[in-house]
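Have the structure open beside you while you read along.

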Amino acid sequence: MNILFTNARLIDPQAGTDSAGWLSIEDGIIAATGTGRPPSNHRQIHDCNGKCLAPGIVDIGVKVCEPGERHKESFRTAGLAAAAGGVTTMVTRPDTIPVIDSPETLEFATRRAEAVSPVRIAPMAALTKGRAGREMVEIGFLKDAGAVAFSDCDHVISDTKVFVRCLTYARALGALVMAHPQDPGLSAGAAATSGKFSTLRGLPSVSPMAERLGLERDLALVEMTGARYHADNLSSAASLSAFKRAKEAGLDVTAGVNIHHLTLNELDVGDYKTFFKLKPPLRSEDDRSVMVEAVETGLIDIISSMHTPQDEESKRLPFEEAASGAVALETLLPAAMRLYHSGALDLPALFRAMTLNPANRLGLPQGRLQVGAPADLILFDPDAPFVLDRATLRSKSKNTPFDGARMEGRVLATYVAGRQVFPPQA
Amino acid sequence: MTFRQKHLLGIEPLAPDEITTLLDLADHYVSLNRGEHKHSDVLTGRTQINMFFENSTRTQASFEIAGKRLGADVMSMAMQASSIKKGETLIDTALTLNAMHPDLLVVRHPHSGAVNLLAEKVNCAVLNAGDGRHEHPTQALLDALTIRRAKGRLHRLTIAICGDIAHSRVARSNLMLLGKMENRIRLIGPPTLMPARIAEFGVEVYDDMREGLQDADVVMMLRLQRERMDGGFIPSEREYYHRYGLDEEKLSFAKPDAIVMHPGPMNRGVEIDGTLADDINRSVIQEQVEMGVAVRMAAMDLLARNHGGAS
């Protein structure tokens, strides 16, 4: 299928440009781009009317809940949500039931995804069996089966000897290890960030220093082993100085932040609203603004949704007992547009963090407007206003903190390998 | 007469004039309670359900007596023994009880915010009888009434709150209330038992008890909540008593007419010297219990008025 997109506002994260132009795709590949008069030999022409054409989002850390909790989310519903939200590659988390920790379970997930999801899947695998932090998984076999990274997600491998061996083994294979850095002792039982708000609400809380502690430990072990490491969910200023030092020392490290920690703060929890209960918990406004700055300077490489479906029952509980996490595949782009409209980040910088950087880190060819790259594209209107109604979300679970929020930024069309997947075609 | 609340979930939403209204009415109920005929009929025909998801003797008894004196039909449920054990969620329990048309729900729960959550789901007035580490509004109100009656005013007093502030809903509600009424508040305790950023609440924080008690008008002791401790907040009970237990010597740093308060139940010899607790010249601990009934009658009376007829 060959399409020529004309009259587009091209968001090129590689060149760092936001400019008028055209782009053509042939056989699922970006064939040519340019400014000025487009070539006239195309059968199918799509006039973008000056709207933005950008690479599709590569979202690291999507929880699909399949296998095990299909009542919360399946590959089909997650895929539909992703397509509608402009996410063309879901980098899926292994914290399912059972855990994706063997080539067999990984193949199951991949097969399911290919059968029903309209967008691409790049699966991650656990780093230790059952995410229990004791024995490493078959990193080699899993890598051959398509695992793009290895992570025990929010389980911290507290036995440093085990973690060191995992890092050392992974390094030999060039495998990327991801972690949510956290000191497990300090953060045990916490539901909020310690501070005035948690004291007012009487919630058990944890200092952001727990994240810094976990990160410092991980970075020391990375320095020791030379492994490739990605801290995928940093959220506080306290962590950044440590991370900066490691990056400047030339370690092979990158860091991510999830969109909620860039657009919300602890006060949004308000009167114990459990849809705002996240892991790590929402931070102070100071932390939030420092994280946005770190994306702008490039210290933080990647923005992701940390899409975490939870059913109504697990959220309709007292705050301490309620489950953590929020769905975000469909709200990632409009939430990111808040940062654009506030002037904090321009579109190429945002898309660099949502497309190019994650793709590069995982060694994927998509996520760029480059001739020869896969035609994973989104057409969107950054200014289209709407009020989010969680009932309209395509995810099976509707646990979004943005319910009722005024947002701007709508995906008009999503293409995966040149094929339109949103809006769905008959 | 101003009281605009639909529920009594905490001190935080109350305005100073609402607190005064409630305390004035409670004063009236103190007189009623001291008479021979303790009955009023303001809640006749109303149903009050006490749901205690956490053990309580005195608070539950106090709410029960308060309701009965006002003529309500009172039922107390020990929730630990009921359907919660069978896996029913808090909200389902609330909806079930709501269907029985209660007018007043009195709720205690081990988790902060649980009572707020429940209040969203029912039609009747909800009174927070203590939620996690969050609030215990009737305790703060009864403390305020006790102070007002002992000191003749509830403003410009120096009030020291001592002990396990971090785990205490009593401390939170009290510092909210006493702050709203423009008092000088001092918090005294080991730093491991102080909540984060507590100084930002406009209080003075001391880890030396003698310094903190200097010229205090009111000394409010808190229970050392051993059942809430993960372990290891303090080295030992005896060291705690040595440094933070209230005795004659430490109390001598406060004003000569300072009153001693404790929300109960007391750990004699842990946070307070037994003889001091019984000293009727200094201790108002028994008055606190008495004021508790009156304050709860006033709170239920006012909430019932705001809810008009039965739900």
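What share of the contacts in chain A with a separation of 6 or more comes from residues 24 or more positions apart? I found 75%. This is a predicted model, so I kept that in mind for every entry below.

**Entry: chain A as a whole**

I went on to the overall dimensions. Chain A has 426 residues, and a compact globule of that length would have a radius of gyration near 22 Å; the value for chain A is 21 Å, so the two agree. I also took the box along the principal axes, and the C-alpha atoms of chain A fill roughly 65 × 50 × 45 Å. For secondary structure I noted 13 helices and 18 strands in chain A.

**Entry: cover and surface**

Next I asked how much of chain A is buried: 62% of its 426 residues are. The accessible surface of chain A comes to about 15600 Å², and carbon and sulfur atoms hold 49% of that. Chain A carries 45 positive and 50 negative charges, and their mean positions lie 2 Å apart.

**Entry: helix α1 of chain A**

I picked out helix α1, residues 75–85 of chain A, and found it mostly covered, with 9 of its 11 residues buried. Among the buried ones I listed Phe75(A), Thr77(A), Ala78(A) and Gly79(A). The run Ala81(A), Ala82(A), Ala83(A), Ala84(A) and Gly85(A) is buried too. Just after α1(A) I checked the backbone, where Gly86(A) takes a positive phi of about 85 degrees.

**Entry: Phe141(A)**

Is Phe141(A) buried or exposed? I have it down as exposed, because its relative accessible area is 53% and the cut-off for exposed is over 50%. Phe141(A) sits in helix α3 of chain A, residues 139–144.

**Entry: where chain A meets chain B**

My last stop was the contact between the chains. I counted 18 residues from chain A and 23 residues from chain B in it. Together the two chains bury about 1800 Å², with 57% of that on carbon and sulfur atoms. Which residues of chain B lose the most area to chain A? I noted His111(B), Ser112(B) and Phe201(B), which together make up 27% of what the chain B side buries.

How values were computed. Residues are numbered from 1 along each chain as its sequence is written. Chains are lettered from A and ligands numbered from 1 in the order in which they are written. This is a predicted model: local features need pLDDT of at least 70, side-chain atom pairs count only at pLDDT 80 or more; totals for chains, interfaces and linings use all residues. Side-chain values use heavy atoms; hydrogens and water are left out. Helices (H or I, at least four residues) and strands (E, at least two) are DSSP runs, numbered from the N terminus. The radius of gyration is taken over C-alpha atoms; the globule rule is 2.2 Å times the number of residues to the power 0.38. Buried means under 20% relative accessible area, exposed over 50%, partly exposed in between (1.4 Å probe, protein chains only). Contact means heavy atoms within 4.5 Å. Accessible areas come from the Shrake-Rupley method with a 1.4 Å probe; for residues, only the protein chains shown count as cover. Lys and Arg count as positive and Asp and Glu as negative; His and the chain ends are not counted. The place of a charge is taken as NZ of Lys, CZ of Arg, CG of Asp or CD of Glu. Buried area is the accessible area (1.4 Å probe) that two parts lose on being put together, summed over both.
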